Amino acid sequence: MNTATKLSGFALGLAAVFGAAYGVGHVVDPVAPAADTRPESTTGHEAGGHDDDGGGHDSDSGAFNQIPGGLLVSDRGYTLVPVPAPVDEFAFRITGPDAHTVTAFDEAHEKRMHLIVTRRDLSGFRHVHPEMAPDGTWRVASPVGEPGTWRAFADFTPSGGPPLTLGVDVSVPGPFTPRPLPAPATSSSVDGYTVTIDGTLQPGRTAELSLTVSHDGAPVTDLQPYLGAYGHLVALREGDLAYLHVHPEGEPGDGRTSPGPRVTFFAEVPSAGTYRLFLDFQHQGTVRTAEFTLTAGQAPTVGGTAPTGPATPSPSATGGHGEPGHPHN
């Protein structure tokens, strides 16, 4: 699987406000379908990165001209609709162009629904997989945590429809102190594992990123497949949390892709800026997440410098994700 993710330019088609509460938070994004004036080739999920030829990028000019994944709650007639749930659950459904609940979804990367959640300060990352009830309601143990505003991204493909990534904000009441974004770094540590990243994000251009995994100083050469790959990479842009979901070059069992220590991705970010990257990888039966801050182009740097040494593990890379790593349902 050689995924060169293609993202697009930016506009927020957000309108009315949800009043429904569910789980431990309140939804604060709109549900009214946004007008879709984009070319037929663009989808939120292609922009988010599961297709080899994603929409939203003009290959001749190198310019992005569409909306990145995850910025809209409604796209191409499909809408992410949270529903009431117990305090320990997160529940939602997807409605289609006919306003009816969608119950048929195609499997992508071994799951019919991927739910990515992070707080707006880019802490507390979660990647979970809800289960769907016969009525089309998706439920999962609540992935939101501490007080603040969280962004939930539903990544899915309705049968017969386009692959999409829809997003909604969830408010968790209580005192909220945003965490500063960790400084840019080329190394991240989690649970005794160190992941180093080689490559530079290039606005509007494909960039090769190679991530190398070691454990207690020794290269890991027996990574285990997780959702059909040796690694999953999600990138979110600081500020609006534009969503980029890419997968590595090659796949387990293709006769050419080794199970570590290096996992290579091809990623394309839509603009200069600061991005937070989350790498999920599985070893010895446990999925862990390594986190990085990278800049593309002339993005402002922390404190006027751009450090490249080992990163201090963020709360979501250690205790903030659970025992050990973070939940991957």
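Two strands pair if DSSP finds at least two bridges between them. Strands themselves are DSSP runs of E, at least two residues long, and helices are runs of H or I, at least four residues long, all numbered from the N terminus. This is a predicted model, so local features need pLDDT of at least 70 and side-chain atom pairs count only at pLDDT 80 or more, while totals for chains, interfaces and linings use all residues. Residues are numbered from 1 along each chain as its sequence is written, and side-chain values use heavy atoms, with hydrogens and water left out.

**View 1. The open sheet that ends in S10.**
Five strands make up an open sheet, in the order S5-S6-S7-S11-S10 with antiparallel pairing. S5 (74-75) and S10 (131-132) sit at the edges with a single partner strand each, so one side of each has no neighbour in the sheet. S10 runs antiparallel to S11 (residues 138-141), and two bridges join them. Look for Met132 here: its bridge partner in S11 is Trp138.

Rings of Phe, Tyr and Trp (its six-membered ring) pair if their centres lie within 6.5 Å; planes under 30 degrees apart are stacked, over 60 edge-to-face, and the rest tilted. The structure has six such aromatic pairs. One of them is Phe105 with Phe156, edge-to-face at 5.8 Å centre to centre and 75° between the planes. Phe105 lies in the loop between S7 (89-95) and S8 (114-119) while Phe156 is in S12 (residues 148-156), so the pair ties together parts 51 residues apart in sequence. Both Phe105 and Phe156 are buried (buried is under 20% relative accessible area, exposed over 50%, partly exposed in between, with a 1.4 Å probe and protein chains only).

**View 2. S12 next to S13.**
Nine bridges join S12 to S13, and the two strands run antiparallel. Arg151 stands opposite Asp169 in S13. S13 (residues 164-172) is mostly covered, with eight of its nine residues buried.

**View 3. The largest nonpolar core.**
A nonpolar core is a set of buried Ala, Val, Leu, Ile, Met, Phe, Trp, Tyr and Cys residues joined through side-chain atoms within 4.5 Å. The largest one has 27 residues, and Val195, Leu201, Leu209, Leu211, Leu277 and Phe281 have the most contacts inside it. Two or more residues each come from S15 (193-198), S16, S18, S19, S20, S21 (273-283) and S22 (286-296). Apart from this core lies another, of 25 residues, including Phe105, Phe156, Leu164 and Val168. Counting heavy atoms within 4.5 Å as contact, and leaving aside neighbours within four places in sequence, Val195 touches Leu211, Val213, Leu279, Phe281 and Phe292, among others.

**View 4. Ser210, a buried polar residue in S16.**
Ser210 sits in strand S16 and is buried at 5% relative accessibility. Its side chain makes a polar contact of 3.4 Å with that of Thr264. For that term, a pair of N or O atoms must lie within 3.5 Å; within protein, one must be able to donate a hydrogen and the other to accept it, and residues adjacent in sequence count only if both atoms are side-chain atoms.

A salt bridge needs a side-chain nitrogen of Lys or Arg within 4 Å of a carboxyl oxygen of Asp or Glu, and the count comes to ten. Arg288 and Asp191 meet in one at 3.3 Å, N to O. That pair links distant parts of the chain, with Arg288 in S22 and Asp191 in the loop between S14 and S15, 97 residues apart. Arg288 is buried at 10%, whereas Asp191 is partly exposed at 33%. Glu291 and Arg276 form another, at 3.0 Å, N to O. Glu291 is in S22 and Arg276 in S21, so this pair ties together parts 15 residues apart in sequence. Glu291 is buried at 3%, and Arg276 is buried at 3% too.

Most residues other than glycine have a negative phi, and most peptide bonds are trans. Asp216, in the loop between S16 and S17, has a positive phi near 50° and is exposed at 64%. Leu241 also has a positive phi, near 60°, but is buried at 0%. A cis peptide bond, with omega about 0°, joins Gly260 and Pro261.
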